[in-house]
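Let's take a walk through this structure together. Have a look at it first, and then we'll go piece by piece.

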Amino acid sequence: MQSLQKRLEGLDALLEARLFDVPVSLQPIPGEVPVVQVVIGGREELPIFITASPDQILCICYLWRDAEIRPEKRLELLELMLDLNPAIPLSSFGRVEGCHVLFGALSANARREAIADDIVALSDNALDALEALAEYLN
């Protein structure tokens, strides 16, 4: 299998074109599992992390920690997230180690253009989710 960095070569230029010349940077994160962080200009607080297995490419955007949820609104927020899941194109809510996330998955054979489209949709969806669900957070 191609290395993740090699697989994503040129993705920054594709993303910049789809985002109308907004700057994008890709940064490998050292570790046991290969991960590349995507930072979109103006959205630095919502980086997207990409990793891959032999079967899929996974893109994750961390939204908030459990501790940031207003306790009296927790159940209502979780139910709303479940209700919203089908209406969020190309993304789904999830939780990773106490952090609520939006994620998207693609085939390991996905073209760079499809990966770029998924990242743009995921980033847009993350902004929309934070705006729509802000009243449930501290």
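Is leucine 8 buried or exposed? With a relative accessibility of 2%, leucine 8 counts as buried (buried is under 20% relative accessible area, exposed is over 50%, and partly exposed is in between, using a 1.4 Å probe and protein chains only). Before going on, keep in mind that this is a predicted model, where local features need pLDDT of at least 70, side-chain atom pairs count only at pLDDT 80 or more, and totals for chains, interfaces and linings use all residues. Residues are numbered from 1 along each chain as its sequence is written, and side-chain values use heavy atoms, with hydrogens and water left out.

Back to leucine 8, which you'll find in the loop between helix 1 (4–7) and helix 2. Helices (H or I, at least four residues) and strands (E, at least two) are DSSP runs, numbered from the N terminus. Setting aside neighbours within four places in sequence, leucine 8 is in contact with Leu26, Val36, Ile50, Arg112 and Ile115, where contact means heavy atoms within 4.5 Å.

One of those partners, Ile50, takes us to the largest nonpolar core: of its 35 residues, Ile50 and Ile119 touch the most other members. Such a core is a set of buried Ala, Val, Leu, Ile, Met, Phe, Trp, Tyr and Cys residues joined through side-chain atoms within 4.5 Å. The elements giving two or more residues to this core are helix 2 (11–18), strand 2 (35–40), strand 3, strand 4, helix 3 (74–84), strand 6 and helix 4. Helix 4 supplies the largest share, eight residues. Beyond its neighbours within four places in sequence, isoleucine 50 has contacts that include Leu4, Leu8, Pro34, Ile57 and Ile119.

Now for the strands. Strand 3 and strand 4 run antiparallel, joined by five bridges, and they form a hairpin with three residues between them; two strands pair if DSSP finds at least two bridges between them. Across this pairing, isoleucine 50 stands opposite cysteine 59 in strand 4. Strand 4 also pairs with strand 6, in the antiparallel sense, over nine bridges, and there arginine 65 stands opposite cysteine 99 in strand 6. Cysteine 99 is also the bridge partner of valine 96. Strand 5 (residues 92–96) and strand 6 (residues 99–107) pair in the antiparallel sense over five bridges. These two make a hairpin with two residues between them, and glutamate 97 in the turn has a positive phi of about 45°.

The structure holds one aromatic pair. Phenylalanine 49 and tyrosine 62 sit edge-to-face, 5.7 Å centre to centre with 80° between the planes. Phenylalanine 49 lies in strand 3 (residues 48–52) and tyrosine 62 in strand 4 (residues 56–65), so the pair ties together parts 13 residues apart in sequence. Rings of Phe, Tyr and Trp (its six-membered ring) pair if their centres lie within 6.5 Å, and planes under 30 degrees apart count as stacked, over 60 as edge-to-face and the rest as tilted. Tyrosine 62 is partly exposed, at a relative accessible area of 33%.

Last stop: aspartate 118, in helix 4 (residues 112–133). Leaving out residues up to four places away in sequence, aspartate 118 touches Cys59, Leu90, Gly104 and Leu106.
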